[in-house]
Amino acid sequence: MHNAFVNVDKEKMSKSLGNVVNVRDILDKHSPEALRLLFLGAHYRAPVQFSEERLIEAEKALDRFRAFHESLERIRASAAEGEPDSSIAMAADALKMAVEQARGEFMAAMDEDFNTPAALAQVFTIIRKGNSLARDLELAPGQGAPRAAADALEQAWSEVRTLSELLGLDLDRALAAKPEGADAAQVDALMDILIRTRHLARESKAWPIADFIRDALKQAGYALEDRPQGTAWKKE
């Protein structure tokens, strides 16, 4: 429903300027959800600033959805009965309250002349707070996350799905767009080698080598997380 201009390098996209980009060509390189995110990030009556860089940023934003869902799946698989400690219980309660507040502010933004940028910001607020709790749970000592905390994450993800659907985002398609086949297997194998090498370097107290591996991977867009169960990695 966007009805303002689409700008390329601060100029209106038009045939006369020869800067028209076809949607079909965009979708050869980027996911439909990335393109939707780019448009949702501007009010429907405001110009959209279109560029390859902005589409790449939108793809990275989709990775935040995937990271949250992947963390939830790991925690769901290891969830255990029992009462969480006080800090985790407070964090889980805080997440539930944040979800309620974000839902209300999302609806208020949409009621205010379809303010999709403000509404989308509330979705990312839930993701940010959900990822924070997930990180605390995965770094906590012990076997498995408390069921109550895992349930709070489930509720947060459910809300993310609901609000995203209202914005026209297909999260099932976005989640399925992860690399598959040989490329993904090669990345997994290489990351495993690097993590094992870093582990051996740390055991040998070769701290400069261990730090170099961690920092080089971070520069390449991969974050390492040291947990009681071992080192995990994720694409940032």
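Arg-66 and Asp-63 are both buried (under 20% relative accessible area with a 1.4 Å probe and protein chains only; exposed is over 50%, and partly exposed lies in between). Their side chains form a salt bridge, 2.5 Å from N to O (a side-chain nitrogen of Lys or Arg within 4 Å of a carboxyl oxygen of Asp or Glu). Because they sit three residues apart in helix α3, about one helical turn separates them. Helices (H or I, at least four residues) and strands (E, at least two) are DSSP runs, numbered from the N terminus.

The model is predicted: local features need pLDDT of at least 70, side-chain atom pairs count only at pLDDT 80 or more, and totals for chains, interfaces and linings use all residues. Residues are numbered from 1 along each chain as its sequence is written, and side-chain values use heavy atoms, with hydrogens and water left out.

## Other salt bridges

The count of salt bridges is 14. In one of them, Arg-196 pairs with Asp-192, with the closest N and O atoms 2.9 Å apart. These two are four residues apart in helix α8 (residues 181-203), so they too are separated by about one helical turn. Arg-196 is exposed at 53% relative accessibility, and Asp-192 is partly exposed at 36%.

Asp-226 and Arg-202 form another salt bridge, at 3.3 Å from N to O. This pair links distant parts of the chain, since Asp-226 is in strand β4 and Arg-202 in helix α8, 24 residues apart. Asp-226 is partly exposed at 34%, and Arg-202 is partly exposed at 34%. Salt bridges with shared partners also join Glu-33, Arg-36 and Arg-173 into one network.

## Glu-33 and helix α2

Glu-33 belongs to helix α2 (residues 32-40) and is buried, at 1% relative accessibility. Beyond neighbours within four places in sequence, Glu-33 has contacts (heavy atoms within 4.5 Å) that include Leu-62, Asp-170 and Arg-173.

In the meeting of α2 with α3, the α2 residues are Glu-33, Ala-34, Leu-35, Leu-37 and Leu-38, and those of α3 include Arg-54, Glu-59 and Leu-62.

## Helices α3 and α6

The crossing of α3 and α6 is left-handed (the near helix is turned anticlockwise from the far one by less than a right angle; clockwise is right-handed). Among the α3 residues at this contact are Phe-65, Phe-68 and Leu-72, and the α6 side includes Leu-153, Trp-157 and Val-160.
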